[in-house]
Structures are given as structure tokens and as C-alpha cells.
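Subject: Structure handover

Hello,

Here is the structure you will be working with. Please open it next to this email and follow the residues as they come up.

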Amino acid sequence: MKRQEDERVNYELEVVTLPVSDVDRSLAFYTEQAGFTLDVDYRPNDGFRVVQLTPPGSACSVQIGVGLTDAVPGSVRGLYLVVGDVEAARRELTRRGVEVGAVRHKAAKNDWQGDWQDGVDPQRGDYASFADFADPDGNTWVLQERGFRPS
């Protein structure tokens, strides 16, 4: 049977591989500090190990391990974690021992030219407020606020 021209195929991003230098150190960081859930830790031999971890509430996981990638440890930049409250996410991660940068927001959102201001966006607009952190190897993450609802 031939596929219709207007039929769309879904492409679901489910796993991103992170290059790390020490799997056990990274496993501890992601589970104990970043709060990710350990899904799989499979090591059939000394040359291969896959550890899959999922951020709370995410449909996409990350994998770290041995024999997964030849990328340089710490070379992944700007993975986004979208959160409903960037200040609360920053507080939680900081409380867990993660060094998180200060919250910042886009200046002039409607005509943004790359300039930032300190703190959350005053209107708490979607995609406007951010904070950053890195894993022990230097792979970087961006917390981005979307869907803020005041308590």
C-alpha cells in the first residue's frame, strides 16, 4: 500500500547521548543532584555500558556510558529543560548541590537583539526566562520557563 503524499510521519526525540569521562560520577550527578530517574544501567562487558536517565516529567532521556560515542566529554552545549517556574527549578537544583547560574530574561522580547536583564521576565512570558548549569564534564543545560502559573 502506497503512503499518501499528505500523510505525516511523527519523529519523536527519545534519547540524547552525552559524552562523559567518568560514568559513575555522572550517574551520581544526574540522579543525586539533578534528580533524573535511572532507567537502565546495562554493562554486558568492559567495553560497553549504557546508562539511561530521564529528567522528571520528560519524554526524552539521556544516555551516558562506555562505547556509545566518540564525542569529547563535555562537548554537548545548550540542552534545554523546559520548566513551569525557573526560580523554583533553580532553587531545587541549588538545594541538591548543583551550581546554577543566575536567572536572566530576554530584554525587549518582541524585538530581541541578544541582550539580557537580571531576574525573571516581569510578565513571566513563555520562552523569556533562563538559567544555566553544567554536569561534571561541562555538558551544559538551560532551564527555560514556559507555562508559569502563579501559586
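A polar contact is a pair of N or O atoms within 3.5 Å; within protein, one must be able to donate a hydrogen and the other to accept it, and residues adjacent in sequence count only if both atoms are side-chain atoms. The model is predicted, so local features need pLDDT of at least 70 and side-chain atom pairs count only at pLDDT 80 or more, while totals for chains, interfaces and linings use all residues. Residues are numbered from 1 along each chain as its sequence is written, and side-chain values use heavy atoms, with hydrogens and water left out.

Asn139

Is Asn139 buried or exposed? Asn139 has 0% relative accessibility and counts as buried (buried means under 20% relative accessible area, exposed over 50%, partly exposed in between, with a 1.4 Å probe and protein chains only). Contact means heavy atoms within 4.5 Å. Leaving aside neighbours within four places in sequence, the residues in contact with Asn139 include Leu18, Val20, Gly74, Arg77 and Phe133. Pro73 is 66 residues away from Asn139 in sequence, yet the C-alpha atoms are 7.6 Å apart in space.

Strands

Helices (H or I, at least four residues) and strands (E, at least two) are DSSP runs, numbered from the N terminus. Two strands pair if DSSP finds at least two bridges between them. Asn139 lies in the loop between S8 and S9. These two strands pair in the antiparallel sense over 5 bridges, and Phe133 has Trp141 in S9 as its bridge partner. S8 and S9 form a hairpin with 5 residues between them, and Gly138 in the turn has a positive phi of about 105°.

Another hairpin joins S2 to S3 through 2 residues. Strand S2 (residues 37-45) and strand S3 (residues 48-54) run antiparallel and are joined by 6 bridges; Asn45 has Phe48 in S3 as its bridge partner.

S8 also pairs with strand S6 (residues 104-106), in the antiparallel sense over 2 bridges.

His105

His105 is in strand S6 and stands opposite Ser129 in S8. His105 is buried, with a relative accessible area of 4%. Which backbone oxygen does the side chain of His105 reach at 2.8 Å? That atom belongs to Gly119. The backbone oxygen of Asp118 lies 3.5 Å from a polar atom of the His105 side chain. Leaving aside neighbours within four places in sequence, His105 is in contact with residues including Trp116, Val120, Pro122 and Ala128.

Aromatic rings

Rings of Phe, Tyr and Trp (its six-membered ring) pair if their centres lie within 6.5 Å; planes under 30 degrees apart count as stacked, over 60 as edge-to-face and the rest as tilted. By this rule there are 8 aromatic pairs. In one of them, Tyr80 and Phe130, the ring centres are 6.5 Å apart and the planes stand at 90°, so the pair is edge-to-face. This pair links distant parts of the chain, with Tyr80 in strand S5 and Phe130 in strand S8, 50 residues apart. Tyr80 is partly exposed at 48% relative accessible area, whereas Phe130 is buried at 4%. Phe130 also forms an edge-to-face pair with Trp116, at 5.3 Å centre to centre and 85° between the planes.

Elsewhere, ring pairs link Phe29, Tyr30, Phe36, Phe133 and Trp141 into a cluster.

A charge sits over a ring if NZ of Lys or CZ of Arg is within 6 Å of the ring centre and within 35 degrees of the ring normal. Arg104 lies over the face of Trp116, 4.4 Å from the ring centre, and Lys106 lies over the face of Trp112 at 5.0 Å.

Helix H2

Which residues of helix H2 (residues 86-95) are buried? They are Val86, Ala89 and Leu93. Seen down the axis of H2, the buried residues fall within an arc of 60°, so they line one face of the helix (the arc is that of the directions from the helix axis to the C-beta atoms). Their cover includes helix H1 (23-33) and strands S5 (79-83), S8 (129-134) and S9 (140-145). At the start of H2, a side-chain oxygen of Asp85 comes to within 3.1 Å of the backbone nitrogen of Glu87. Gly97 follows H2 and has a positive phi, near 95°.

Regards
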